[in-house]
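Please look over the structure shown here before reading on. The briefing is meant for someone meeting it for the first time.

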Amino acid sequence: MVLTIFALTIVTGCGGNQAGQGGQKAKIAYYAYNSEPVLDWDPSVEFSNGIVVMNNIYETLLRYDPAENKVIPVLATDYTKSPDGLTWTFHLRKGVKFHDGTEMKADAVKFSIERTKKLNKGAAYIWEPVQQINVKDDYTVEFKLSYAAPLDLIASCGYAAFIMSPKVANQPEDWFAKGNEAGTGPYKLQSTKKGEEVVLTRFDEYWRGWEGNHFDKVIIKKVPETASRRQLVEKGEADVTIELPYEDVEALKKNSNVEVLTAPAFQNLFFCLNTEKAPLNNKLVRQALSYAFPYDDVVKYAMGNYATQARGAIPYGHWGHGDNLFQYKHDLNKAKELLAQAGYPNGGFKLLLTYMSGDEAEKKTAELYKAELAKLNINLEVRGMPWESQWEMAKSKDPNQRQDILGMYWWVDYASPYSWLRSIFHSENDILFNLNYYKNPTFDKLIDEANAKSGIDRAGAEKMYIDAQKILVEDAPSIFAYDKKCVWIYNKHFKGLKSNAAYPNTIFFYDTYRE
Amino acid sequence: MRSFILKRLGLGVLVLLGVITVTFFITRVIPSDPAAQWVGPRATPQQIAAARVELGLDQPLYVQYGKYISQLVHGDLGKSLRSHQPVADELKSYLPATIELVVLSTIIALFLGIPLGVISAKRKDQLVDHFSRIFCVGAVSLPTFWVGLFLQLLFYRILGVLPLGDQLSTDVKLLYEIPHITGFLLFDSLVTGNLVVFKDALVHMILPGITIALYPLGLVARMTRSALLEILNEDYISAARSYGLPERLVLWKYALKNTLGPTATVVTLSIGYTLVNTFLIEAIFSWPGIGSYISAAVISLDYPAIMGVTIFSAIAYVILNMIADFIIALDPRVRA
């Protein structure tokens with residue numbers, strides 16, 4: 001068989017120059033991505049992996065840099081807000097062109113946001129506070145809000161905030177799906193193979209120019225197998241990849257051709273507790289479960305130390321993260337004490353935990369937790385389910401039909417603590433993402449007010465968000481497991497890579513180059 | 001013969017209808033909320049409610065079923081919940097890569113398997129035959145994904161002579177015009193005289209093609225061997241030999257010809273297996289075919305996509321079975 005392959009190799013004349021093409025490839029960047037690069041090509045709709053591609057083709061008014069905690073001007077040069085935070089005026093950059101040649105003006109901004117709102121799919125909800133958009137002149141656009149929301153953060157969202165050419169209005173419904181785009185970004189779409197790969201090529205008239213050492217072309221390709229991604233980066237065929245098993249990352253650290261960058265990812269893992277069903281409707285039991293969780297072991301064994309124990313609901317590095325919030329530590333004696341107070345001195349109950357099947361880290365976490373709970377004579381049944389199915393189970397109207405504990409990740413949409421606190425812990429009439437079924441009017445009021453305040457006084461709002469998390473930590477509706485870290489594995493010649501947790505897994509390729 | 005064909009066709013249609021009905025109801029019974037998927041991972045209740053109406057999920061199940069069947073008759077497989085694109089279009093864009101791989105591996109299996117079987121039969125119980133037996137048992141029983149990973153390790157990582165995966169190398173993809181007529185890359189590049197692309201595409205097919213070919217190869221070799229051994233004992237072979245015909249002619253012409261019936265049947269039926277095997281192997285070779293499509297669809301419970309692939313596979317199976325039946329029926333001994 002080996003001989004046959006050799007024979008075929010010789011017949012087809014492959015000279016073995018597949019890897020490391022060197023000079024010729026110098027201006028091409030290759031991102032080996034773990035999943036489909038784009039699901040929906042409509043920039044108003046895409047709310048998934050596509051963030052990785054879209055942010056190179058389209059631009060937003062502003063961009064948020066969490067490391068510096070500042071908003072960077074992109075299509076808007078600056079903005080002002082009224083003292084009540086209800087009117088925001090953006091001044092647009094002049095001389096910006098869409099890929100179709102149209103100049104970017106205020107009407108394009110109005111059109112784009114209104115289109116996204118009207119389609120009302122994906123992350124369109126971020127624009128909910130916007131009541132009206134007025135074109136003041138060609139380069140000035142005014143947003144009227146129904147309440148003072150942080151519009152600068154919303155306008156820098158990695159989803160649903162893209163500005164597109166108004167000519168899109170004249171196109172048929174499936175125009176985007178057919179591989180078209182209408183952005184202002186540094187790269188244009190050259191070609192795409194549905195769900196598999198995207199090839200971008202530079203847009204010569206990009207407003208920031210091409211004087212520097214930029215890539216001419218970018219390939220973002222789905223390579224689902226971790227072994228393949230690892231080999232591609234090791235061989236230098238791919239420049240950068242993500243989501244390798246932690247064991248592989250450790251091994252790659254020894255490879256002098258490969259660099260590893262770890263950075264905060266605004267993504268964290270919760271275990272939502274069914275607060276409407278005994279025994280978890282008892283706060284003491286929930287606190288006991290929080291003490292029984294083996295945080296350090298989970299971080300070490302399930303996440304290979306590429307995570308940190310969570311502190312409250314807001315991940316590390318995100319504004320609203322409480323550095324001084326109370327943090328439960330693994331303490332079985334304390335857990336026992338609390339269980340005794342709650343009337344379960346010998347444990348003796350069963351709980352069902354569901355997690356998303358296929359997620360190894362969640363699975364390991366659940367198994368580690370099971371072993372700890374067994375020491376308290378609590379029988380934890382661990383069940384892996386597809387996300388859709390476990391979510392459906394959790395949305396059941398009858399508390400007894402639901403699982404007791406549900407593992408769930410949450411990640412940033414636009415950079416506001418409100419996304420976490422409102423979605424996961426605010427009272428809900430129809431169950432959606434508050435899968436703790438937590439209801440606390442004091443908490444609700446606090447975060448709603450903080451949200452309205454965040455448009456005017458961010459420091460004040462931050463304090464309120466931290467206060468709100470104090471209530472959460474006390475009530476323990478969730479076990480705050482860990483904040484994930486983003487791990488980039490890249491070729492040492494690939495330079496300029498910056499991790500921006502507000503745009504998960506996204507590389508702004510214009511800033512990168514090869515040395 | 002005509003009534004035989006009609007009966008087979010009728011049965012095929014019934015099987016298909018059965019498969020469609022069962023998959024339809026299974027996908028609807030599995031707990032999930034297609035409307036929530038349609039609007040995205042963080043949908044608001046209003047968005048979900050609107051999607052429910054848009055997708056017709058507010059209708060009773062039997063109405064949805066009727067609608068699905070009537071759409072199906074018009075070649076409409078519905079829209080993917082994840083990409084919002086017609087499933088039929090997506091299948092069309094993913095299928096050629098898979099079919100090309102299946103065809104290539106079947107050709108490899110035949111061109112290597114038949115001679116291997118003949119040689120083993122001729123040298124029965126000699127060293128060559130023993131080696132061939134070990135090889136065939138291995139080919140049929142080794143897990144295909146393991147073989148794929150092993151070949152990658154050897155030919156990409158250690159020897160560096162063959163690419164890791166994908167249909168084309170990055171620079172060819174960027175520097176050359178990729179022809180698109182039928183979607184079958186090898187065919188398209190060949191007819192347009194695009195030899196660089198053709199060569200590159202062929203090189204990329206070697207490893208996945210051989211990995212997938214192993215199972216049918218082993219099967220064909222063993223089948224040819226045993227059929228040949230049986231035939232070599234027949235009277236007419238002895239007669240041919242006694243006439244003094246060269247052994248080569250006896251073996252490769254008179255005997256082999258009569259093994260082709262059973263071999264063809266085995267090959268036809270194993271193509272079905274190969275197809276499903278290809279689905280699995282595509283992930284390892286980053287092959288942009290139906291396999292990567294269905295795995296993504298299953299993980300996210302994108303049921304229109306799952307149904308689309310199921311229906312395609314069912315049709316393929318039904319057709320292949322029919323072909324196998326016809327081949328058998330062509331043998332006068334069966335027909336009589």
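What follows covers the nonpolar cores and then the interface between the chains.

The model is a predicted one. The area buried between chain B and chain A is about 5500 Å², and the largest nonpolar core has 184 residues.

**Nonpolar cores**

- Within the core of 184 residues, those with the most contacts inside it are Leu61(A), Trp127(A) and Phe143(A), while the largest share of this core, nine residues, comes from strand S17 (residues 478–491) of chain A.
- Apart from this core lies another one of 30 residues, among them Val147(B), Ile212(B), Ala213(B) and Ile281(B).
- Leaving aside residues up to four places away in sequence, Trp127(A) touches several residues, including Ile113(A), Phe143(A), Leu151(A) and Ile154(A).

**Extent of the interface**

- On the side of chain B, 63 residues are in contact with 62 residues of chain A, and carbon and sulfur atoms give 61% of the area buried between the two chains.

**Polar and charged pairs**

- Between chain B and chain A there are seven salt bridges, and the rule also finds 17 residue pairs in polar contact across this interface.
- A salt bridge joins Glu234(A) to Arg157(B), with the closest N and O atoms 3.4 Å apart.

**Make-up of the chain B side**

- Among the elements that give two or more residues to the side of chain B that touches chain A are helix H5 (87–122) and helix H12 (247–284) of chain B, whereas H10(B) gives the most, with 10 residues.
- The residues of this side divide into 35 nonpolar, 17 polar and 11 charged.

Key: Residues numbered from 1 in each chain as written. Chains lettered and ligands numbered in written order. Predicted model: local features only at pLDDT ≥ 70, side-chain atom pairs only at ≥ 80, totals over all residues. Heavy atoms only, no water. Core = buried A, V, L, I, M, F, W, Y, C linked by side-chain atoms within 4.5 Å. Buried < 20%, exposed > 50% of the residue type's maximum accessible area, 1.4 Å probe, protein only. Helix = DSSP H or I, 4+ residues; strand = E, 2+ residues; numbered from the N terminus. Contact = heavy atoms within 4.5 Å. Buried area = accessible area lost by both parts, 1.4 Å probe. Salt bridge = Lys/Arg side-chain N within 4 Å of Asp/Glu carboxyl O. Polar contact = N/O pair within 3.5 Å; in protein donor to acceptor, adjacent residues only side chain to side chain. Nonpolar A, V, L, I, M, F, W, Y, C, P; charged D, E, K, R; others polar.
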